[in-house]
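This report describes how the parts of a protein model pack against one another.

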Amino acid sequence: MSDPNQESTEAAAARRGRNIAIALALAAFVILVFVITIAKMGAHGTAL
Amino acid sequence: MTQPSAAASLAAPAVARWQDFVRLLKPRVMSLVVFTAFTGLICARAPMDPVLMAVAVLCIAVGAGGSAALNMAYDADIDFVMRRTRARPVPSGVVRAADALALGITLSLFSVGVMAVAINVLAAALLAFTIVFYALVYTVWLKRRTPQNIVIGGLAGALPPAVGWAAASGNAPLNAWLLVAIIFLWTPPHFWALSLYTSGDYAKAGVPMMPVVKGAASTRRQILVYSVVLVLVALAPGFTGLGGLLYLGVAALGGLLFVGLSVRLALSRAGDTPPPHDGLYDVKASARPARDLFAYSILYLFSLFAALLIERFAAFGGVNL
């Protein structure tokens with residue numbers, strides 16, 4: 001008989017996927033802040 | 001916020017994958033928002049660092065996604081009733097409404113905050129106004145109360161070019177608001193044409209779309225009026241220095257076809273009989289003029305903004321169109 005508190009394989013995989021997505025989003029945010037800082041320090045724009 | 005009929009589905013989430021949270025952001029709507037905002041940004045003709053340009057577009061995209069998640073969190077009960085929307089993550093029970101709300105608030109704050117810090121305050125303020133207008137004024141206040149819901153609420157979908165323009169130049173002149181006016185006037189004929197052949201679902205969900213409240217004949221007449229005004233306003237950028245000959249040609253020829261399809265719809269019986277219930281997009285022959293106008297309206301708006309973009313890029317390359 002299975003333990004009702006046991007997380008299913010599918011749920012565990014989904015949770016892992018969500019956690020990886022959050023980690024990537026946080027990493028992207030750090031990179032974004034870095035890129036913005038560099039761009040703001042030496043920005044000379046191009047008019048299209 | 002949630003009716004008893006949808007409560008069971010909303011309270012018992014299945015396994016939510018990260019892709020379900022992406023679906024909350026309405027990626028297809030987001031792509032149209034990005035396209036129109038990018039057009040506004042380029043048409044501003046202001047010097048801008050390409051990296052900051054990309055950041056501005058990212059902020060607008062994320063802001064659009066955040067407001068879409070807020071909309072889905074609030075509208076779960078009526079989305080549950082309508083066939084077009086019942087498979088969305090919240091009404092289908094995959095994502096909790098509270099989680100969608102949290103995601104929407106987070107992304108909205110992120111987009112406005114980054115826009116204010118990295119770009120400028122005017123663009124951030126316009127973006128914040130757009131999000132609040134869509135999530136509160138349209139979704140919470142207008143959508144379930146008045147047949148003018150998409151007319152007034154359409155302002156939220158119309159503002160991205162002004163946000164893009166403000167991001168590039170720090171101001172929003174008349175030409176930016178002309179682009180806003182074009183999308184604003186385009187919204188009623190676009191959505192009313194759709195609602196003429198899906199009004200059964202709106203009625204079932206208690207959403208007072210124009211065909212549900214005023215009837216199909218009145219809706220068809222109003223579509224025609226809005227179409228004529230839209231086509232005239234869409235010509236204006238050709239005379240204000242915003243658009244060139246290519247734009248004017250697209251606006252004139254595309255506008256003629258738009259009015260032609262609206263006249264055809266006004267003379268038709270589209271929406272007079274209830275749409276079939278066997279398939280959401282099974283359109284009766286009598287409703288085809290509505291379906292045709294709906295489909296063409298997307299191409300028309302895309303063509304107008306694409307013409308402006310092509311002209312700007314051609315000018316950048318030394319070619320005047």
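## Domains of chain B

Chain B is divided into domain 1 (19–170) and domain 2 (173–321), with bounds taken from an automatic or database domain assignment. The C-alpha centres of domain 1 and domain 2 of chain B are 21 Å apart. The model is predicted: local features need pLDDT of at least 70 and side-chain atom pairs count only at pLDDT 80 or more, while totals for chains, interfaces and linings use all residues. Residues are numbered from 1 along each chain as its sequence is written, and chains are lettered from A and ligands numbered from 1 in the order in which they are written.

Between the domains of chain B, 26 residues of domain 1 are in contact with 27 residues of domain 2 (C-beta atoms, placed from the backbone, within 7 Å). Helix 3 (27–43), helix 5 (76–81), helix 8 (149–158) and helix 9 (160–169) of chain B each give two or more residues to the domain 1 side; helices are DSSP runs of H or I, at least four residues, numbered from the N terminus.

## Contact between chains

In chain B, 18 residues are in contact with 15 residues of chain A. Helix 4 (50–74) and helix 15 (288–316) of chain B are the elements giving two or more residues to the chain B side, and helix 4 of chain B provides the largest share, four residues.

## Helices 8 and 10 of chain B

The residues of helix 8 of chain B that meet helix 10 of chain B include B:I150, B:G154 and B:A158. Among their partners in helix 10 of chain B are B:V180, B:F184 and B:F191.

Conventions. Two residues are in contact if their C-beta atoms, placed from the backbone, lie within 7 Å.
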